[in-house]
Amino acid sequence: ALRIASLNPVSHYGLNVGLLRVGDPADFLVVDDLRSLRILKTVIGGRLVARDGSTEIPETTTGIVNVFRARQKRADDFMVRNRGGRIQVIEARDGQLITGRMQEMPKVSGDHAVSDPSRDILKIAVVNRYQDAPPSVGFIKNFGLKKGAIASSVAHDSHNIVAVGVEDTDILRAVNLIIRSQGGISGVCGDEERLLP
């Protein structure tokens with residue numbers, strides 16, 4: 001268990017963490033014994049950073065950094081022109097971080113490919129928060145949303161806005177709520193709008 005929690009991830013991901021070898025940075029824990037594993041000290045880079053559950057790192061204050069340069073979007077920013085033939089669709093898998101990729105015939109309205117909640121194929125959009133740029137729009141399957149849209153700027157690794165929805169107008173509203181508040185999580189459905197800034 002100790003190896004799985006320490007050595008294996010460092011080796012697998014090539015993390016810059018000391019492994020108690022000659023020349024490595026001094027990164028280690030001091031515990032009372034190997035059964036209870038109560039941590040007495042934490043050392044990172046040869047520096048004592050915690051002792052008996054209390055930090056040894058001096059407190060500092062910083063300002064809030066929130067780079068949010070995206071401007072309000074328009075409904076046509078989320079339109080996808082139908083080019084005929086199949087479209088690429090992200091396949092969400094229940095309980096998984098890993099997604100699949102599939103091709104499906106789109107539902108078409110006029111000249112545009114649109115969400116098809118009857119087959120659980122919805123639009124997904126990513127809006128760059130760091131510069132004002134057109135959204136990247138695609139499709140996702142197995143999301144389960146029947147109406148409305150949700151959007152969030154809590155999206156590792158970049159924290160750009162990610163939105164999923166049934167109608168372009170709802171996606172637009174959910175995204176613009178996030179842009180106006182310069183971050184957060186939103187949901188819209190019919191006349192209702194909710195925002196957690």
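Helix α3 covers residues 168-181. At 1.5 Å a residue, its 14 residues should span 20 Å, and its end C-alpha atoms are 20 Å apart, which agrees. The expected span is 1.5 Å times one less than the number of residues. Helices (H or I, at least four residues) and strands (E, at least two) are DSSP runs, numbered from the N terminus.

This is a predicted model: local features need pLDDT of at least 70, side-chain atom pairs count only at pLDDT 80 or more, and totals for chains, interfaces and linings use all residues. Residues are numbered from 1 along each chain as its sequence is written, and side-chain values use heavy atoms, with hydrogens and water left out.

- Buried means under 20% relative accessible area, exposed over 50%, and partly exposed in between (1.4 Å probe, protein chains only).
- In α3, 10 of the 14 residues are buried, so the helix is largely enclosed by the rest of the structure.
- The buried residues are D168, D170, I171, L172, A174, V175, N176, L177, I178 and I179.
- These buried residues pack against β10 (121-127), β12 (149-152), β13 (161-165), β14 (185-189) and β15 (192-196).
- Contact means heavy atoms within 4.5 Å.

**S152 in strand β12**

- S152 belongs to strand β12.
- With a relative accessible area of 15%, S152 is buried.
- Leaving out residues up to four places away in sequence, S152 touches N160, I161, V162, I178, G184 and I185.
- The S152 side chain also reaches the backbone nitrogen of V154 at 2.9 Å.
- A polar contact is a pair of N or O atoms within 3.5 Å; within protein, one must be able to donate a hydrogen and the other to accept it, and residues adjacent in sequence count only if both atoms are side-chain atoms.

**Strand β6 and E91**

- Two strands pair if DSSP finds at least two bridges between them.
- Strand β6 runs antiparallel to β7 (residues 100-104), joined by 5 bridges.
- Across that pairing, I87 stands opposite E104 in β7.
- Strand β6 runs parallel to β11 (residues 136-141), joined by 2 bridges.
- E91 lies in β6 (residues 87-91), and its bridge partner in β11 is K141.
- E91 counts as partly exposed, at 21% relative accessibility.
- Not counting residues up to four places away in sequence, E91 touches T99, G100, R101, M102, K141 and N142.
- E91 and N142 are 51 residues apart in sequence, but 6.5 Å apart in space, C-alpha to C-alpha.

**An open sheet**

- An open sheet has 3 strands in the order β5-β9-β8, with antiparallel pairing.
- β5 (80-81) and β8 (107-109) stand at the edges with a single partner strand each, so one side of each is left without a neighbour in the sheet.
- β8 pairs with β9 (residues 112-114) over 3 bridges.
- V108 stands opposite A113 in β9.

**The largest pocket**

- The largest pocket has a volume of about 580 Å³.
- It has 20 lining residues, and the closest to its centre are L2, S6, D27, F28 and L29.
- On a 1 Å grid over the protein atoms alone, a pocket is an open set of points where a 1.4 Å probe fits, with protein on both sides within 12 Å along at least five of seven lines; lining residues have an atom within 4 Å of a point.
- Grid points are joined across faces, edges and corners, and the volume is the space filled by probe spheres set on the points.
- The largest share of the lining, 4 residues, comes from β2.
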